[in-house]
Amino acid sequence: MVTRVQKWGNSQGLRFSKAIMTEARINVGDQVNVSVNDGQIIVEPFTKVRGKYDLRELVSRMPTNDQVEETEWGGPTGKEAW
């Protein structure tokens, strides 16, 4: 798709067709991340990480040979029904 940079007030902008927006999985009003890499402008959907940590990044750092073990916490101490 060929488009033209246009002036809107004191800013410049691009218009994207609905097909481009659909393929990029971006909707009107969505936040996007804009960056420049080797002279190319890259626009990609902004994925907000809830909280301080990114679960995918944390899981990727787990050792591959990590073994999960069950822990004995003792008997019920209240009105738990097991």
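Where does Asp38 lie? In this predicted model, Asp38 is placed in the loop between β3 and β4, and its phi angle is near 50°, a positive value in a residue other than glycine. Asp38 counts as exposed because its relative accessibility is 77%, and the cut-off for that class is over 50%.

**Two loop residues with positive phi**

A second residue with such a backbone angle is Arg25, whose phi is near 60°, again a positive value in a residue other than glycine. Arg25 belongs to the loop between α1 and β3, and with a relative accessible area of 71% Arg25 is exposed. Asn37, by contrast, has its place in strand β3, where a relative accessibility of 43% makes this residue partly exposed. Arg25 and Asn37 are 12 residues apart along the chain, and their C-alpha atoms are separated by 21 Å. From Asn37 to Val59 the step along the chain is 22 residues, and the C-alpha atoms of this pair are separated by 28 Å.

The relative accessibilities of residues discussed in this report are collected here.

| Residue | Relative accessible area | Class |
|---|---|---|
| Asp38 | 77% | exposed |
| Arg25 | 71% | exposed |
| Arg61 | 57% | exposed |
| Asn37 | 43% | partly exposed |
| Glu57 | 36% | partly exposed |
| Ile20 | 34% | partly exposed |

**The salt bridge**

Side chains of opposite charge can pair when their charged atoms come close. In this model the count comes to 1 salt bridge, in which the side chains of Arg61 and Glu57 meet with an N to O distance of 3.3 Å. The pair qualifies because that distance is within 4 Å, the limit set between a side-chain nitrogen of Lys or Arg and a carboxyl oxygen of Asp or Glu. As for the setting of the two partners, Arg61 counts as exposed at 57% relative accessibility, whereas Glu57 counts as partly exposed at 36%.

**The largest pocket**

Rolling a probe the size of a water molecule over the atoms shows where empty space is left. The largest pocket has a volume of about 340 Å³, and its lining is made up of 13 residues, of which Leu14, Phe16, Met21, Val32 and Val43 lie nearest its centre. Two or more residues of this lining come from each of the elements α1 (18-23), β3 (32-37) and β4 (40-45). Sorted by class, the lining of the largest pocket holds 11 nonpolar residues, together with 1 polar and 1 charged residue.

**The nonpolar surface patch**

On the surface, a nonpolar patch is formed by Met1, Val5, Leu14, Phe16, Ile20, Val32, Val34, Val36, Ile41 and Val43, which together have about 940 Å² of accessible area. The elements giving two or more residues to this patch are β3 and β4, and β3 gives the most, with 3 residues. Ile20, one of the patch members, is found in helix α1 and is partly exposed, with a relative accessible area of 34%. Leu14, Phe16, Val32 and Val43 are named both among the residues nearest the centre of the largest pocket and among the members of the nonpolar patch.

Terms used
Residues numbered from 1 in each chain as written. Predicted model: local features only at pLDDT ≥ 70, side-chain atom pairs only at ≥ 80, totals over all residues. Heavy atoms only, no water. Buried < 20%, exposed > 50% of the residue type's maximum accessible area, 1.4 Å probe, protein only. 1 Å grid on protein atoms, 1.4 Å probe; cavity = no way out; pocket = protein on both sides within 12 Å on 5 of 7 lines; lining within 4 Å. Points joined across faces, edges and corners; volume = space filled by probe spheres on them. Helix = DSSP H or I, 4+ residues; strand = E, 2+ residues; numbered from the N terminus. Nonpolar A, V, L, I, M, F, W, Y, C, P; charged D, E, K, R; others polar. Patch = residues over 30% accessible without salt bridge, like charges linked within 9 Å, V, L, I, M, F, W, Y side chains within 5 Å. Areas by Shrake-Rupley, 256 points an atom, 1.4 Å probe, with all protein chains shown as cover.
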